[in-house]
Amino acid sequence: MGFSVSHELFVLLYSSLAGVLIALIFDIFRIIRKKVSTGMFLSAAQDILFWIVATLIMFFVIYFANKGLLRFYQFAGAFCGGFLYFLLLSRWTTLFLCRFIDIFCKILEFFLKILLTPLKITYKLLCVSLSFAVLPIVKLLKKIIKKLTYKLRKNFRAFKFLKNKK
């Protein structure tokens, strides 16, 4: 089964683009690790997820671009594409994505403040109104407890007095 040179060059190009895509996904995972502190378990899960995604990308490129035929130049093209990405685009992509995430988080924080402000006000109003309703009950319970403890102490003293007489 022979293929033309132009077909082989397209397969090499697709493999190089797959390498660029894998390197971009690697940068995204790297930014996520930088922005969000993850534990050892989540880091391992991210690594496994990255390798699954990278494997699927290479599988689809090999399967659809070259009908499933493995060639050394496909992996060399993916490596060269990733290497060129890291040399030329990684720094700018990382800066752009970090700033994009920061801006997105600020916008999300702003909207959450807007959405949560009525809930905070409602919570404070409920706390104040409940404190006015509960405060007299608490005072009444304190008076009752104070009277009961006074009576118990008085009875206990009388009981002690009787116990000492015997």
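**Close-up 1. Helix α2 from end to end.** Helix α2 (residues 40-66) runs for 27 residues and spans 38 Å from its first C-alpha to its last, close to the 39 Å expected at 1.5 Å a residue. That expected span is 1.5 Å times one less than the number of residues. Helices here are DSSP runs of H or I with at least four residues, numbered from the N terminus. Keep in mind that this is a predicted model: local features need pLDDT of at least 70, side-chain atom pairs count only at pLDDT 80 or more, and totals for chains, interfaces and linings use all residues. Residues are numbered from 1 along each chain as its sequence is written, and side-chain values use heavy atoms, with hydrogens and water left out. Just past the end of α2, Lys67 takes a positive phi of about 55°.

**Close-up 2. The buried residues of α2.** Buried means under 20% relative accessible area, exposed over 50%, and partly exposed in between, using a 1.4 Å probe and protein chains only. Among the buried residues of α2 are Phe50, Ile57, Met58, Val61 and Ile62, along with Gln46 and Asn66. The buried residues of this helix pack against α1 (5-35) and α3 (72-88).

**Close-up 3. Ser43 in α2.** Ser43 sits in helix α2 and is buried, with a relative accessible area of 17%. Skip its neighbours within four places in sequence, and Ser43 is in contact with Arg33 and Thr38; contact means heavy atoms within 4.5 Å.

**Close-up 4. Where α1 meets α2.** The axes of α1 and α2 come within 10 Å and cross at roughly 165°. That makes α1 roughly antiparallel to α2, a label for angles over 145 degrees. The axes are lines fitted to C-alpha atoms, for helices over the stretch in contact, and angles run from 0 to 180 degrees between N-to-C directions. The crossing of the two helices is right-handed, as the near helix is turned clockwise from the far one by less than a right angle. Residues in this contact include Tyr14, Ile22, Phe26 and Phe29 from α1, and Leu49, Phe50, Val53 and Ile57 from α2.

**Close-up 5. Leu70 in the loop.** Leu70 is found in the loop between α2 and α3, and at 55% relative accessibility it counts as exposed. Leaving aside neighbours within four places in sequence, Leu70 is still in contact with Ile62 and Phe75. Leu70 and Phe59 are 11 residues apart in sequence and 9.9 Å apart in space, C-alpha to C-alpha.

Key: Angles under 35 degrees count as roughly parallel, over 145 as roughly antiparallel, 65 to 115 as roughly perpendicular and the rest as oblique.
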